[in-house]
Amino acid sequence: MEVALKVDVDTHQGLGEGVPRLARALTEAGVTATFFVAMGPDNSGRAIVRVLRNPGFLKKMRRTRAVAMYGLRTILSGTLLPARAIALAFPDLIRALARSGFEVGVHGYDHVLWQDRLDEIGTDRIRGELDEAFEAFRAVMGERSRCFAAPGWRTSAAALATLDALGLDYRSDTRGTAPYRCAIGGATFATPEIPTTLPTMDEVMGPELADRHAIVRFYLERVSATALNVHTIHAETEGMGQLETFVALVHALKDRGARFVRLGDIAAALDRAALPVCEVVRATLPGRAGWISAQGPLRAATPPPATTPAGL
Ligand SMILES: [Zn+2]
């Protein structure tokens, strides 16, 4: 059984507090992972204010105790107080991850802007966000990022085209079942997509999965013994309030014989030419607000271009 852990780091606090705890726990367990870090300002306060206006918020709040989880300073970041930097506030921490053998990639620049306004901002602003993010990564790491994970699993034809131009090894932007190449409308994109295959812990936590044992059991029932499992965790959730549950899950998976891999290792082993081409569709998920991008139906093989018989 192969498991890739994708760690999304969305906030200043998640990087400063959650990531070191996760890195320590993973190292102790002898398990590798891929960290995707938001490279720009922490405007998560704005996202939380948006969520506060959402009628489903109180229900979700009871389930995940968002304020306790995120902390007051994070909620104020980008609202009443200035936005704090994320990656650029902790460059040594990010470099230490790479030195420890973890893979590190780009999780957008302004996570909140991308997640809330991807369809409004237009191609130039999308390119600007990506340029800033990849430039910040280079400033921290001294080399360019080979991979990208879209904030909030939200992508678009404009985003995919802009990312294709960066010549990345892979992206992990969507929810799905297996690696593929993305298509939207008439366009097909070159960069391999390695989707998240399992629901996230914050989506499944609730009255029916109230304790650690129930959550671990939930995942053990859903991991595939034969296909790749990609599990996204959050520095702000599994790295903080849910660390013990996450560590219990890692040990349970190890007991089942799971082999942990980095997404970059999976990408390196892919036969790009043989990857299926699938539509990227917009979907909703239980326990998550708004839409996400998902692996949709297989696109029928594109017939080779018609040739004009000579002489016509
Ligand atoms: Zn994120």
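**Close-up 1. The E8–E9 hairpin of the predicted model.** Strands E8 and E9 form a hairpin with two residues between them. Glycine 185, in the turn, has a positive phi of about 60°. E8 (residues 180–184) and E9 run antiparallel and are joined by four bridges. Tyrosine 180 stands opposite glutamate 193 in E9. Strands (E, at least two residues) and helices (H or I, at least four) are DSSP runs, numbered from the N terminus. Two strands pair if DSSP finds at least two bridges between them. This is a predicted model: local features need pLDDT of at least 70, side-chain atom pairs count only at pLDDT 80 or more, and totals for chains, interfaces and linings use all residues. Residues are numbered from 1 along each chain as its sequence is written, and side-chain values use heavy atoms, with hydrogens and water left out.

Close-up 2. Threonine 196 is found in the loop between strand E9 (187–193) and helix H9 (201–204). Threonine 196 is buried, with a relative accessible area of 1%. Buried means under 20% relative accessible area, exposed over 50%, and partly exposed in between (1.4 Å probe, protein chains only). Not counting residues up to four places away in sequence, threonine 196 touches Lys6, Trp153, Ser172, Thr174, Arg175, Gly176, Val230 and Thr232. Contact means heavy atoms within 4.5 Å. Tryptophan 153 is found in the loop between strand E6 (147–148) and helix H8 (157–164). Tryptophan 153 is also buried, at 2% relative accessibility. Tryptophan 153 has a positive phi of about 50° although it is not a glycine. Most residues other than glycine have a negative phi.

**Close-up 3. Strand E1 and its parallel partners.** Seven of the eight residues of E1 are buried, so E1 is largely enclosed by the rest of the structure. Six bridges join E1 to strand E10 (residues 229–234), and the two run parallel. Valine 3 stands opposite asparagine 229 in E10. E1 also runs parallel to strand E11 (residues 259–261), with three bridges. Here valine 3 stands opposite phenylalanine 260. Strand E2 (residues 34–37) is parallel to E1 too, joined by four bridges. Valine 37 in E2 is the bridge partner of valine 9.

**Close-up 4. The zinc site.** The protein donors of the zinc ion are Asp10 (OD), Asp10 (OD), His107 (NE2) and His111 (NE2), lying 2.1 to 2.8 Å from it. Donors are N, O and S atoms within 2.8 Å of the metal (3.2 Å for Na, K and Ca); water is not among the atoms, so sites may look incomplete. The donor residues are spaced D-x96-H-x3-H in sequence. Aspartate 10 lies in the loop between strand E1 (2–9) and helix H1 (12–29), and histidine 111 in helix H7 (residues 111–141), so the pair ties together parts that are 101 residues apart in sequence. Aspartate 10 is buried, with a relative accessible area of 15%. Histidine 111 is buried at 6%.

**Close-up 5. Isoleucine 86.** Isoleucine 86 is found in the loop between strand E4 (84–85) and helix H6 (91–99). Isoleucine 86 counts as buried, at 0% relative accessibility. Isoleucine 86 and histidine 12 are 74 residues apart in sequence and 4.4 Å apart in space, C-alpha to C-alpha. Leaving aside neighbours within four places in sequence, the contacts of isoleucine 86 include Asp10, Leu15, Val37 and Pro41.
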